[in-house]
Amino acid sequence: MQTHTFKPDLPPPALSVGVVGWLRANLFSSWFNSLLTLFAAYLVWLILPPLIQWAFINADWVGETRADCTSGGACWVFIQQRFGQFMYGFYPSELRWRVDLTLWLAIIGAAPLFIPQMVRKGLYGLAFLVVYPVVAYWLLHGGSFGLEVVPTSRWGGLMLTLVIAAVGIAGALPLGVLLALGRRSDMPAIRVICVTFIEFWRGVPLITVLFMSSVMLPLFLPEGMSFDKLMRALIGVILFQSAYIAEVVRGGLQAIPKGQYEAAAAMGLGYWRMMGLVILPQAMKLVIPGIVNTFISLFKDTSLVIIIGLFDLLNSIKQATTDPAWLGMATEGYVFAALVFWIFCFGMSRYSVHLERKLDTGHKR
Amino acid sequence: MKMVKSTLAILTTATVLGVSGFAQAGATLDAVQKKGFVQCGISDGLPGFSYADEKGNYMGLDVDVCRAVAAAVFGDATKVKYSPLTAKERFTALQSGEVDILSRNTTWTSSRDAALGLNFTGTNYYDGQGFLVNKKLGVSSAKELDGATVCIQAGTTTELNLSDYFRANGLKYTPITYDTSDESAKSVEAGRCDVLTSDQSQLYAQRIKLANPDDYVVLPEVISKEPLGPVVRQGDEEWFDIVRWTLFAMVNAEELGITSANVEEMAKSTKNPDIARLLGAEGEFGKDLKLPKDWAVHIVKQVGNYGESFDRNVGSGSELKIERGLNALWNKGGLQYAPPVR
């Protein structure tokens with residue numbers, strides 16, 4: 001019996017596979033795209049070589065003073081010499097282990113929350129959220145159990161940036177969720193209070209809030225009663241960001257179909273259990289991108305504390321460039337600051353993508 | 001609404017009461033002695049005047065005032081806590097009692113002295129707006145700057161002074177304003193402007209930032225008066241006197257040839273009655289100020305006389321290399337003059 005043998009498939013046209021195919025599909029698919037590609041390539045060619053020349057080839061990496069920077073490119077010696085100050089601010093160098101320990105405790109303490117098999121995750125998470133801030137404050141500030149006090153005026157650098165961002169996020173998220181719920185509440189008094197609060201704080205720029213907290217507030221307080229500057233900034237940041245979070249969360253709440261509320265009510269759940277067990281888990285999942293967006297902008301906004309004389313990462317760098325021994329190192333400093341900020345913000349956005357994928361259960365397209 | 005209302009109420013009350021009402025004579029010294037340190041408001045970073053080194057120690061001409069006051073009060077120049085303040089915060093911080101002294105390159109003007117409830121105790125640096133030009137231009141006086149493009153480092157009065165000066169001399173110019181000193185330094189270097197104007201003390205710092213500092217020169221003309229000095233709250237004359245005489249002691253020490261190296265020996269063996277009175281070997285002049293007898297010895301020993309402090313922070317011993325100029329002693333052609341201790 002004669003069997004029919006198929007001819008082997010012809011290879012795809014050479015121009016649609018491999019590098020050439022990819023290029024044709026992605027970069028040169030039309031005359032307009034080709035033009036854009038060429039233009040972009042020209043820009044890269046214009047910018048990249050001098051940048052690499054400056055940042056790497058002509059750069060000085062080792063040394064102790066500005067006299068060691070002889071090559072004409074970037075003087076990374078400055079960053080290297082001041083690295084401790086950029087990370088810890090004026091935190092006494094012999095006590096910096098306390099900052100490191102605080103960070104390690106955060107990493108180790110939070111690690112179990114990322115293990116999928118972990119049991120009683122919620123309970124552990126709650127305990128961590130209650131215990132950790134107390135321990136962190138005790139470690140950073142000291143003052144009891146034999147730890148020397150390090151006043152917040154000596155905090156600075158990346159550490160201060162992280163403290164403001166972490167406290168801001170940890171404080172603003174719960175407050176924001178409560179405000180969002182309050183704004184959608186049936187009780188007029190609560191609704192009015194929440195709307196007023198949100199609209200007030202959304203209506204003023206953060207820079208104004210910080211400025212008021214540091215310039216106006218002390219005038220109203222009795223003499224001698226001085227409120228910690230960092231504390232004032234933290235409260236300002238929390239109140240400000242909670243208004244934004246509230247609006248993001250409210251968007252999520254509105255996206256949940258009414259049937260979900262009714263179903264939960266029909267099952268006999270009260271308000272808090274309905275919100276906690278049915279509505280919020282769905283709503284929060286929906287608004288992850290929005291919340292992370294707010295967090296990223298909060299993290300970057302921390303550098304605004306520069307106007308009230310707190311030494312966050314950016315201000316520490318700025319301050320170091322006023323040392324006569326390192327005058328004129330501003331470019332190196334700002335490039336370094338940009339790099340650090342980018343690493344953190346990129347990390348956050350990657351984590352949010354991961355979180356969205358993990359939690360994407362009901363809305364797969 | 002409620003919040004707005006109560007804020008308004010507080011604002012009104014604060015305005016009615018006035019913010020300067022609460023300083024009482026002697027209160028600051030007592031409070032300082034009780035807490036054991038001087039709280040000093042400084043700049044958040046100004047080359048030569050207040051800046052921090054690698055270890056986080058504050059240094060500079062303004063910082064030295066704080067240290068000298070601590071040395072006078074406690075005999076220990078390290079008993080200072082610093083509050084870095086931005087230009088906008090500085091007066092509030094002093095008025096509200098957050099700091100005891102404000103030593104933050106603050107220009108002494110009539111409105112600040114009279115209207116803010118503050119007192120300037122003296123001048124630790126006579127500054128003034130000046131010009132930095134490239135030597136290539138061949139200009140030796142600001143009067144030759146007709147038609148120049150001027151880079152301005154934005155300040156409170158920089159633009160005004162400049163336009164006044166050029167108008168008074170019938171010169172034309174094109175201004176370009178920058179917000180930060182780094183930007184303006186870069187644009188001078190790139191040749192976007194012929195001349196850079198700012199306070200002279202800052203021009204020297206700017207010059208270091210340039211690739212070839214030796215190609216640039218600061219012109220001799222000073223077009224504005226900017227006497228910078230420490231500030232205290234009005235109404236506490238005792239504390240005012242202490243800060244004022246701390247500065248005078250440093251200037252007097254320089255005039256009398258007392259340095260941190262020879263002060264102790266001088267205090268023991270001097271035959272000069274002026275020196276003996278200043279250093280407490282003769283008379284009880286410290287007691288009048290409610291200070292220890294050897295207050296001036298501690299100041300000079302730990303901080304140095306005015307000339308030493310100047311050289312170390314902004315003068316020949318520093319990177320800035322600012323000439324003494326107006327800040328030389330009165331008998332050497334400058335303006336630094338201190339009344340005698342007698």
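Tutor: Gladly; please keep in mind throughout that this is a predicted model.

Student: What radius of gyration does chain A have, against that of a compact globule of 365 residues?

Tutor: The C-alpha atoms of chain A fill a box of roughly 105 × 75 × 40 Å along the principal axes. A compact globule of 365 residues would have a radius of gyration near 21 Å, whereas the value for chain A is 27 Å.

Student: Which residues of chain A does UniProt list as "transmembrane region", and what is the helix content of residues 233-249?

Tutor: The unreviewed UniProt entry lists residues 31-52, 95-115, 122-140, 160-182, 233-249 and 326-349 of chain A under that name. Among them, residues 95-115 are 71% helix and 0% strand, with end C-alpha atoms 32 Å apart. For residues 233-249 of chain A the end C-alpha atoms lie 24 Å apart, and with 0% strand the helix content is 100%.

Student: At roughly what angle do the axes of α3 and α13 of chain A cross?

Tutor: In this contact R82(A), Q85(A) and F86(A) of α3(A) meet L313(A), S316(A), I317(A) and A320(A) of α13(A), and these residues divide into 4 nonpolar, 2 polar and 1 charged. The axes of α3 (residues 77-88) and α13 (residues 313-320) of chain A come within 8 Å, and they cross at roughly 140 degrees.

Student: Why can chain B be called as compact as a globular protein of its length?

Tutor: Chain B contains 14 helices and 14 strands. For its 342 residues the globule rule gives 20 Å, and the chain is as compact as a globular protein of that length because its radius of gyration is close to that figure, at 22 Å.

Student: How far apart do the C-alpha centres of the two domains, domain 1 and domain 2 of chain B, lie?

Tutor: The domain assignment gives domain 1 of chain B as 22-126 + 228-329 and domain 2 as 129-224. Between them, 8 residues of domain 1 are in contact with 4 residues of domain 2, and the domain 1 side divides into 5 nonpolar, 1 polar and 2 charged. The C-alpha centres of these domains of chain B lie apart by 31 Å.

Student: How many residues of chain B are in contact with chain A?

Tutor: On the side of chain B that touches chain A, α1 (2-17), β2 (51-52), β4 (80-85), α4 (90-95) and α8 (200-209) each supply at least two residues. That side divides into 15 nonpolar, 10 polar and 10 charged residues. Chain A contributes 28 residues to the contact, and the number from chain B is 35.

Notes. Residues numbered from 1 in each chain as written. Chains lettered and ligands numbered in written order. Predicted model: local features only at pLDDT ≥ 70, side-chain atom pairs only at ≥ 80, totals over all residues. Contact = placed C-beta atoms within 7 Å. Helix = DSSP H or I, 4+ residues; strand = E, 2+ residues; numbered from the N terminus. Nonpolar A, V, L, I, M, F, W, Y, C, P; charged D, E, K, R; others polar. Axes fitted to C-alpha atoms, helices over the stretch in contact; angles between N-to-C directions. Domains from an automatic or database assignment. UniProt positions renumbered as here; feature names shortened; annotations may be inferred. Rg over C-alpha atoms; globule rule 2.2 N^0.38 Å.
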